[in-house]
Amino acid sequence: MLISIAARNYTTILALQLIHITEDSILFIVFLIHREIIGPFLVLMFINLYWKTQSGVKRVSVFSIFLICLLGMDLFSLMSGVITFLDWNLIKAGIGNLAFLIAGLGLSRGIMYLKQEPTKYGKGI
């Protein structure tokens, strides 16, 4: 969770020259909730569902559903005036969210690898 929040903040810092965040305090709170709570929560839900799903087709559908959810949240932020992008593109936002989901999968795979118990092969000699 901390890594996803840090990654999200890093991308926000990189994009500060490209966005203008609203001055309205309520909409700014919505922006923070979107960036710091809902986005990482969706990624955690995606990771859990992805690893519990056995079928490749279901994994692709889970991936696409969560990608659409993240893009929908970006579109909602844009349409409601929470964020004003100077040069926004749906494809660039999709690539960013795609990278966010893939990074979450990679980090979870690494954690699963580190949590593996060592085998006892060859210790009986």
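**Entry 1: D74**

I began with the side chain of D74, which makes a polar contact with the side chain of N97 at 2.9 Å. I count as a polar contact a pair of N or O atoms within 3.5 Å; within protein, one atom must be able to donate a hydrogen and the other to accept it, and residues adjacent in sequence count only if both atoms are side-chain atoms. I note that this is a predicted model, in which local features need pLDDT of at least 70 and side-chain atom pairs count only at pLDDT 80 or more, while totals for chains, interfaces and linings use all residues. Residues are numbered from 1 along each chain as its sequence is written, and side-chain values use heavy atoms, with hydrogens and water left out.

I located D74 in helix α3. Helices (H or I, at least four residues) and strands (E, at least two) are DSSP runs numbered from the N terminus. Is D74 buried or exposed? D74 is buried, with a relative accessible area of 12%; buried means under 20%, exposed over 50% and partly exposed in between, with a 1.4 Å probe and protein chains only.

I then listed the contacts of D74 (heavy atoms within 4.5 Å). Neighbours within four places in sequence aside, these are H34, A93 and N97. I also checked R35, which is 39 residues from D74 along the chain; the two C-alpha atoms are separated by 9.8 Å.

**Entry 2: helix α3**

For its 25 residues, α3 should span 36 Å, and the end C-alpha atoms are 36 Å apart, which agrees. At the N-terminal end, S55 caps α3 through a side-chain oxygen 3.3 Å from the backbone nitrogen of V57. After α3 comes G81, whose phi is positive, near 85 degrees. Buried residues in α3 include V62, M73 and S77.

**Entry 3: helix α2**

I repeated the check on α2: its 28 residues should span 40 Å, and the end C-alpha atoms lie 39 Å apart, which agrees. Where does α2 bend? I found a bend of about 40 degrees at H34, taken as the angle between axes fitted to the seven residues ending there and the seven starting there. H34 is buried, as are R35, G39 and P40, among others in α2.

**Entry 4: the nonpolar core**

I examined the largest nonpolar core, which has 16 residues; F46, F66 and L101 have the most contacts inside it. Such a core is a set of buried Ala, Val, Leu, Ile, Met, Phe, Trp, Tyr and Cys residues joined through side-chain atoms within 4.5 Å. At least two residues each come from α2 (25–52), α3 (56–80) and α4 (90–114), and α3 gives the largest share, seven residues. Residues up to four places away not counted, L101 touches V43, F46, F63, F66, L67 and L70.

**Entry 5: the whole chain**

I recorded four helices and two strands, in the order α-β-α-α-β-α from the N terminus. Of the 125 residues, 30% count as buried.

Methods
The expected span of a helix is 1.5 Å times one less than its number of residues.
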